[in-house]
Amino acid sequence: MAEELPGRDVQADVTGGDALPAAGQPLLRIEGVAKRFGTFRAVDGVSLDIKSGEFFALLGPSGCGKTTLLRMLAGFEAPDEGHILLGGKDIAQALPHERPINMMFQNYALFPHLSVRDNIAFGLKRAGMARAEIATRVAEMVALVKLEGLEKRKPDQLSGGQRQRVALARALARRPQLLLLDEPLAALDKKLRESTQGELMELQRRLGMTFIIVTHDQEEAMTMASRIGVMKAGKLAQVASPRELYEAPRSRWIAEFVGDINLFDGETKLRDGHRLVIGTRDAGALVVAEPREPLGTGKFAVAIRPEKVKLSRRAPVSEAGRETAINLLDGVIADICYLGGTTTYKVKLDSGGMLQASVVNSARLDVDAYSLNQHVVAWFTPDDCVVLPS
Amino acid sequence: MSSRRIFARPARFAAIAPYVWMALFFLVPFAFVLKISLSQTAIAQPPYEPVFDLTAGWEALKAALAALSIDNFRLLGSDDIYVFAYVRSLTVAVTATALLLLFGYPIAYGMARLPKRWQAVAMVLVIVPFWTSFLIRIYAWINILQHDGLLNQILLALHLVSQPVVWLSTDTAMYIGIVYSYLPFMILPLYATLAKMEPALEEAASDLGAPPWHVFWLVTFPLSLPGVGAGVLLCFIPIVGEFVIPDLLAGSNALMIGQTLWLEFFTNKDWPVASAAAIVLLVVLLLPLLLYERLQKRQLEQRR
């Protein structure tokens, strides 16, 4: 990658650096933005602040409105309601070519009739940059994405990974205040996708740029983003760091959408200090930690991630009613799914429900492995459970 | 996977079929026309000589071959009538094709930007005139353009002119007729390329700072060039040889090569000169085609 990058002042002549935010203000503020297509509310009252230098991911299933929101930031769609403030200036109605924002398109949208060099130079020429300066910037971008020697190639003479790099270089060339990435890695195979994720993060850190990425791949969002906004049916369901999203999902839907999870429906039976006992239909009484925001009484679901469930042949020591009490569930192994690094067991509980447990294969020999129909005790601590409103 | 498999018998026949077709219905008739163009007129049946008679023996055949000459081609070059006719044909074809592109491109562009449902409707509207005979449509134009025709009535009613304008038997009438008749041939290939163009390309251009007009010139138009090439060829080639429209709508003072051919063949009964004129026309038309094909081949090679 390139050794050095010119300072941010170069940006001023391209994108009009007057819109840089004052200290402490978010770079981008989305205020009550809504977009309708006919009667369908694609984006329904989204508000969100994004700070300068953030790597933000919009995550959601297809049709949740994340792409529409991104397209409104780029200017391809105008919001029906709300404001989009970039550095304090409302750009909601500005045309795409008037915004200091660039986008990397899902299928790259490289100009097929232009060479790699001319693709990267396209935005610089439109900004009226001097010819010599354009040549320098293009060379710098080519080095940045490691495409040296391919400058004269046309897009259809490049591999998928190379095309992805050209698209990235083209979007970065103007040094936008905000870079939008629409499913940037969806077209790459798994290995290449993983290495590119790392490179994108490294690049974002080094350039100090603000990235907003749209993806339906939660692993990708978790890996790269410092903050994730989960969208559902046009609304932001939760905005949180990857860890918080995974360990403290705000709703049952998010818990199920992000990663695998075991859910047991039930009602509060007993409150004991900061321990709650919830009676569930499928797993009996479960001891859980009282969440930070106290729950009332009523119907809840106890959620536990598969990797937090431990399995053993005999029950560990636990005394009910004590602070150290843990949840013990008897069952038999109903299904085994070997995944290499981990093995996922499905345990048929004696109480009726099914429980997934993910166990790390820490030894090469299978001395610790369980076999089908073997009787096991599944156990987990109250702190590993999340209580969600049902 | 042996490569022979691909050329199993039915497939092999299908591959040969176009060549057989070309040989039977183009090369053989072309050989006849070429032979006639090298003959001389005669008051006989057929109206030219020599006539090859394969039953008369080898000597007679040799004599017939020796009687062939390129005099007719010399005549084409030396007589202004023919040169003018060729030049006029090319001028008319170039002008008309330029007009067609000028009118056809915006229509095709607009069609490609319509919602999918309306695109099909627009397509039908473009094709619908073909359901009426070509001749009837040209006669309708005569009706519209004549002295007391619809066009003059409208112009008079709107007080745009004080007395009827002469439209018929002018080049304007001919260009109206040609542009009207050939417009679908320009629109359809243009529409096909524009409709399949990825909309993200135009978005990417505007995202990178190009105002709408630049987006069109830097991205949309260059990418539609294959469609432009196809439309131009589809119109230019038949217009050069066009006979009916100039004959019915244009004046008789300047003839196109199609009309000259007709005169030579049916009025003057000079088959050899008419054949020579037809062969020169073919060569003139072949040039742009070869040029286009070379261009396409180069594009394909670049892609590899």
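## An open sheet in chain A

In this predicted model, 6 strands of chain A form an open sheet of mixed pairing, in the order E6-E7-E8-E3-E9-E10, where strands (E, at least two residues) and helices (H or I, at least four residues) are DSSP runs numbered from the N terminus, and two strands pair if DSSP finds at least two bridges between them. The edges are strand E6 (101-104) and strand E10 (235-240) of chain A, each of which pairs on one side only. On average, neighbouring strands of this sheet are turned by 20° against each other, direction ignored, with axes taken as lines fitted to C-alpha atoms and angles between N-to-C directions running from 0 to 180 degrees.

E6(A) runs parallel to strand E7 (residues 178-182) of chain A, to which 4 bridges join it; A:Met103 stands opposite A:Leu180 in E7(A).

## Where chain B touches chain A

The contact takes 17 residues from chain B and 18 residues from chain A, two residues being in contact if their C-beta atoms, placed from the backbone, lie within 7 Å. On the side of chain B, helix H9 (199-207), helix H10 (212-223) and helix H14 (271-303) each give two or more residues, and H9(B) provides the largest share, 6 residues. By class, this side of chain B has 9 nonpolar, 4 polar and 4 charged residues, where Ala, Val, Leu, Ile, Met, Phe, Trp, Tyr, Cys and Pro count as nonpolar, Asp, Glu, Lys and Arg as charged, and the others, Gly among them, as polar.

## An annotated domain in chain B

UniProt, in an unreviewed entry, lists residues 86-292 of chain B as "domain: ABC transmembrane type-1"; such positions are given in the numbering used here, feature names are shortened, and annotations may be inferred rather than shown by experiment. Over residues 86-292, chain B is 78% helix and 0% strand, and the end C-alpha atoms are 21 Å apart.

## Conventions

Residues are numbered from 1 along each chain as its sequence is written, while chains are lettered from A and ligands numbered from 1 in the order in which they are written. For this predicted model, local features need pLDDT of at least 70 and side-chain atom pairs count only at pLDDT 80 or more, whereas totals for chains, interfaces and linings use all residues.
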